[in-house]
Amino acid sequence: MNHALCSLVTGASSGIGRATAIQLSSTRRLLLHGRDRTRLEETRRLCANPEHHLLWAADLSAVDAIEASLTDYLASHGVRIEEYVHCAGMWNIGPLRLLERATASEVMNVNFMSAVEISRLLTRRKINDKALRNIVFVSSTASQFGARGTSIYCASKGALDAYMRALAVELAPNVRVNSVLPGAIRTPMTESMLADPVLLERMESHYPLGLGREDDITQAVAFLLSECARWITGQQLVVDGGRTINISG
Ligand SMILES: NC(=O)c1ccc[n+]([C@@H]2O[C@H](COP(=O)([O-])OP(=O)(O)OC[C@H]3O[C@@H](n4cnc5c(N)ncnc54)[C@H](OP(=O)(O)O)[C@@H]3O)[C@@H](O)[C@H]2O)c1
């Protein structure tokens with residue numbers, strides 16, 4: 001059987017994932033992932049060549065269910081994945097003393113363990129032949145730095161980047177693996193935080209180039225997937241308008 005080669009974008013139903021899908025859609029066939037079919041359909045409509053792209057709905061917090069869901073999907077649709085971009089993610093903010101164990105597991109599952117599970121499956125010949133060539137994880141500057149009330153989010157992104165580096169070594173030379181580390185971008189995830197004018201002004205004052213846009217991140221993802229990055233693997237590409245190198249006041 002001749003399989004169709006696709007690029008899988010998780011979290012394609014919103015924010016950075018949706019913008020990434022739109023950016024990649026003119027040059028690739030995409031497998032768009034999210035939980036909500038209606039929002040995924042909306043992304044598909046916004047893409048170039050909508051009729052070429054496929055939809056896969058799955059809750060990534062249920063890591064045990066990913067294997068059956070993804071392998072059945074790939075087999076029944078005759079699809080193999082050559083590029084995998086993990087944008088799905090959830091934010092959690094609050095002091096450690098109020099963090100519930102179930103919430104900690106959910107954050108780790110969506111941001112990190114699901115990426116482990118999906119990449120594990122995509123490297124199996126039985127499931128994906130030897131189609132996989134490229135992985136980009138959308139991490140965060142929270143992988144490298146801390147802020148009050150963000151312990152489990154930071155831990156999930158730190159784990160993702162440590163995994164990325166080890167995978168880059170293990171899967172070379174056939175598969176390149178990198179991360180993009182965004183600073184603050186206005187998306188549904190950050191909407192409520194950025195709606196607070198005091199917080200917004202304080203944040204903006206820390207960003208030498210101001211806050212970012214979704215396309216600042218999608219351009220970085222597209223670069224890492226491209227042949228221009230053919231000799232780059234195992235790297236964290238920080239895209240944050242200079243936030244993390246700013247030590248002034
Ligand atoms: N925005 C920022 O400032 C910023 C900064 C640094 C890093 N990031 C990272 O960028 C990525 C995208 O964030 P965003 O700002 O675009 O957020 P967003 O608009 O809230 O999008 C999050 C995406 O993740 C999916 N998702 C969440 N929980 C899921 C679950 N249990 N199972 C399956 N999918 C799930 C959502 O799907 P549904 O539509 O089904 O909910 C949605 O597509 C995240 O990994 C985030 O950590 C964002």
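I began with helix α1 (residues 15-24), where 10 of the 10 residues are buried, so α1 is largely enclosed by the rest of the structure; a residue counts as buried if 20 or more other C-beta atoms, placed from the backbone, lie within 10 Å of its own, as exposed if 12 or fewer do, and as partly exposed in between. Helices here are DSSP runs of H or I with at least four residues, strands are runs of E with at least two, and both are numbered from the N terminus.

I noted that this is a predicted model, in which local features need pLDDT of at least 70 and side-chain atom pairs count only at pLDDT 80 or more, while totals for chains, interfaces and linings use all residues. Residues are numbered from 1 along each chain as its sequence is written.

**Ligand shell.** I found 27 residues around the ligand, of which G11, G15, R35, G89 and M189 come nearest; a residue is near if its C-beta atom, placed from the backbone, lies within 6 Å. Helix α1 gives the most to this shell, with 3 residues.

**α1 and α9.** I then looked up helix α9 (residues 214-225), whose axis comes within 9 Å of that of α1 and crosses it at roughly 55°; axes are lines fitted to C-alpha atoms, for helices over the stretch in contact, and angles run from 0 to 180 degrees between N-to-C directions. The two helices are therefore oblique to each other, given that angles under 35 degrees count as roughly parallel, over 145 as roughly antiparallel, 65 to 115 as roughly perpendicular and the rest as oblique. Residues of α1 that meet α9 include G15, I16 and A19, and their partners in α9 include E214, D215 and I217, contact being C-beta atoms, placed from the backbone, within 7 Å.

**α4 and α6.** The axes of helix α4 (residues 101-122) and helix α6 (residues 151-171) come within 8 Å and cross at roughly 15°. That makes α4 roughly parallel to α6.

The peptide bond from A172 to P173 is cis, with omega near 5°, and P173 sits in the loop between α6 and β6 (176-182). N49, in the loop between α2 (37-46) and β3 (54-57), has a positive phi near 50°, and with 13 C-beta neighbours inside 10 Å N49 counts as partly exposed.

Key. Two residues are in contact if their C-beta atoms, placed from the backbone, lie within 7 Å.
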